[in-house]
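Have a look at the model first, then read on.

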Amino acid sequence: MRILGRTERRVVAAILVTALIPLVASIVVARTVIARVSATAFQPEFGVHLDRALGVYAELAAAIKQGMRSEAEAIARGDALRQGAFAGDAERLRAELARVIAAQPALVSLRVERCGGELVGAGERGRPVDPAREKTLTVRRPLDRPPGDPGPPREAATAATAPAGDDCDGDALTLVATFAAPSARFDELESAQAFAQAYHALEREHRKEYLDESYGDAFAALLGATIVLAVLAGVLVVRPVVDRLARLAAATRPVAEGDLSVRVALEGDDEVADLGRAFDRMLEELEGSRARIEFLRRMGEWQKMARHLAHEIKNPLTPIQLAVEECHRRYAGSDPAYQRLLQTTLEVVEEEVATLRRLVGEFSSFARLPQAELEPVDLAEFLREQGEHIAAVEEAGRELAADEALLGRVDLAFDVPDAPMPAALDREMLRRALGNIVRNAAQALRDARRAAPDGGAAERPGAAPWGKIRVSARVDGQGYLIAVDDDGPGIDPAVRDSVFDPYVTTRYDGTGLGLSIVKKIVVDHGGTIDVLESPLGGARFVIRLPRAGTPAARAALRADGDGGPRGPAPAERERVAGGERAAAAEGAPPT
């Protein structure tokens, strides 16, 4: 057992003081009372009167027993009983026994037996003996033959009824009477006898010294037991609290070193357990906040790099394209082979320039990702609207025929509850994030079908859908959970942790920016996003958004109101939109 700590020692001392003060006072009072009682309790007259009272009780008990024996004797001399017993008239004997029992309230039962225990007749009072309230006495008395009844010859009776080897009179009858008397008097007699014995034992000792020493020892033992129990009670009461506080204090050390994954997980329903749970919640929130801050910091670095790449790539595109077009236009020769080479070169350059312009547009869009403007929105109503329009409308509102065709080849369904789901959202930004996830799922289904052996048949008009996409929403604690499931090939667990990093993609023609933008939008809403394995067999993207009014929602609103580290101001957002429109006019569609 470890040494008691400071808190434990203080609690034990408090319990000891609280227990010892009344105990010491009671010892002082008790010793005073004992001293006075011991001086007056043992007088010679007390013992004499006690013995006389005990003798009276003994005589009373003997008189009760003697009375029962006399009653049994009188019953055994009754002519009617004897005549019925010896005549063998069972009905007469039973009636007489019932009459005697009714006339004698103390009787419990009457039995007439032959030699050897054979029952001739019996009668009961009708209720059993209560051992807690009654004591019984059984009296046996022989029955004499009634006058004028000589009985059968002894030899014949004995031969007819007595067992072999039994020398009793086989024709003799015995009355067995069982009496009951209230046990209170006999209990008082026994108690008085015990008290008298104890009193005389005390008288034989040194009375005062015996009393004082005995009770002194008893109070000393009580005092020692109180001290031990107080120590044990203090340890048992305070040890769990101290241990949990020690666990809480130990958890603060790695937290101070930067490890926010520590959890104390205290159990119980007291204040210390509440403190532990609040500590764990604080660490969870801090860990989530640090992860968001770290993600936003890395996003800022990636956006700078994307802006630099977009600038470096965009500048030489137009001169390259113009130079190749000029070479193609100025050639006036008649060499067919060289003319075909120029034409092929022009087509390759124009195709690659268009691809680079698209990449430049995606880099520019990623680098200038606007800040979310949160406002009260019913998330359930928003999702139902997306179920009606997501296949036809992109986040900027322009028509994308290719995307419409893509979403038209999948089985897309929304499962949204009817109850309102109040939240703080940016409708345009969240529509963009949800559209990116759904289109990524559709592209994964398309690529999986094209890679299948019958991939060509899957492209023909009227072919079966590429697969299923299910968007569902439900309440999850203090927030909402939006899940996007598909039955495609899924995402390799090895890349799930990095799938939201910029420039990480599983498609050969992807830039790896779409999911980074999705996570940035979700983080701006105060939420989280994870990728898991879907019950449908493919990938599951799980978005958790805070419910309106929760601390996470209020924190997201404060960050939105402060401008935060999450994106440009409204004026910058307008400048970005103008840049995107200019890029679209040049043929480089933003993402």
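By class, how many nonpolar, polar and charged residues does the lining of the second largest cavity have? It has eight nonpolar, one polar and no charged residues. In that tally, Ala, Val, Leu, Ile, Met, Phe, Trp, Tyr, Cys and Pro count as nonpolar, Asp, Glu, Lys and Arg as charged, and the others, Gly among them, as polar.

Some ground rules: this is a predicted model, where local features need pLDDT of at least 70 and side-chain atom pairs count only at pLDDT 80 or more, while totals for chains, interfaces and linings use all residues. Residues are numbered from 1 along each chain as its sequence is written, and side-chain values use heavy atoms, with hydrogens and water left out.

Searching the whole structure turns up three cavities of 30 Å³ or more. A cavity here is a set of points, on a 1 Å grid over the protein atoms alone, where a 1.4 Å probe fits but cannot get out; a pocket is an open set with protein on both sides within 12 Å along at least five of seven lines, and lining residues have an atom within 4 Å of a point. Grid points are joined across faces, edges and corners, and a volume is the space filled by probe spheres set on the points.

The second largest cavity comes out at about 40 Å³. Around it sit Leu-374, Ala-423, Ala-424, Leu-425, His-525, Leu-545, Pro-546, Ala-553 and Ala-556. Strand S7 (422–425), S11 and H15 each give two or more residues to that lining, and S7 gives the most, with three residues. Helices (H or I, at least four residues) and strands (E, at least two) are DSSP runs, numbered from the N terminus.

Now for the second largest pocket, with a volume of about 1000 Å³. Its lining has 30 residues, and Glu-285, Arg-292, Gly-526, Gly-527 and Ala-552 lie nearest the centre. Elements giving two or more residues to this lining are helix H8 (271–330), strand S9 (479–486), helix H14 (514–524), strand S11 (539–546) and helix H15 (551–562). H8 supplies the largest share, nine residues. By class, the pocket lining splits into 12 nonpolar, eight polar and 10 charged residues.

**Helix pairs**

Axes are lines fitted to C-alpha atoms, for helices over the stretch in contact, and angles run from 0 to 180 degrees between N-to-C directions.

| Pair | Axes come within | Crossing angle |
|---|---|---|
| H10 (379–389) and H12 (427–451) | 11 Å | roughly 55° |
| H12 and H14 | 9 Å | roughly 145° |
| H3 (79–87) and H4 (90–103) | 8 Å | roughly 150° |

With axes within 11 Å and crossing at roughly 55°, H10 is oblique to H12. Angles under 35 degrees count as roughly parallel, over 145 as roughly antiparallel, 65 to 115 as roughly perpendicular and the rest as oblique. H10 passes H12 in a right-handed crossing; a crossing is left-handed if the near helix is turned anticlockwise from the far one by less than a right angle, and right-handed if clockwise. Leu-379, Phe-382, Leu-383, Glu-385 and Gln-386 of H10 meet Arg-427, Leu-430, Arg-431 and Leu-434 of H12, contact meaning heavy atoms within 4.5 Å.

H12 also passes H14, in a left-handed crossing. On the H12 side, Met-429, Leu-430 and Ile-437 are among the residues in contact, and the H14 side includes Leu-515, Ile-517 and Val-518. That contact has eight nonpolar, three polar and one charged residues.
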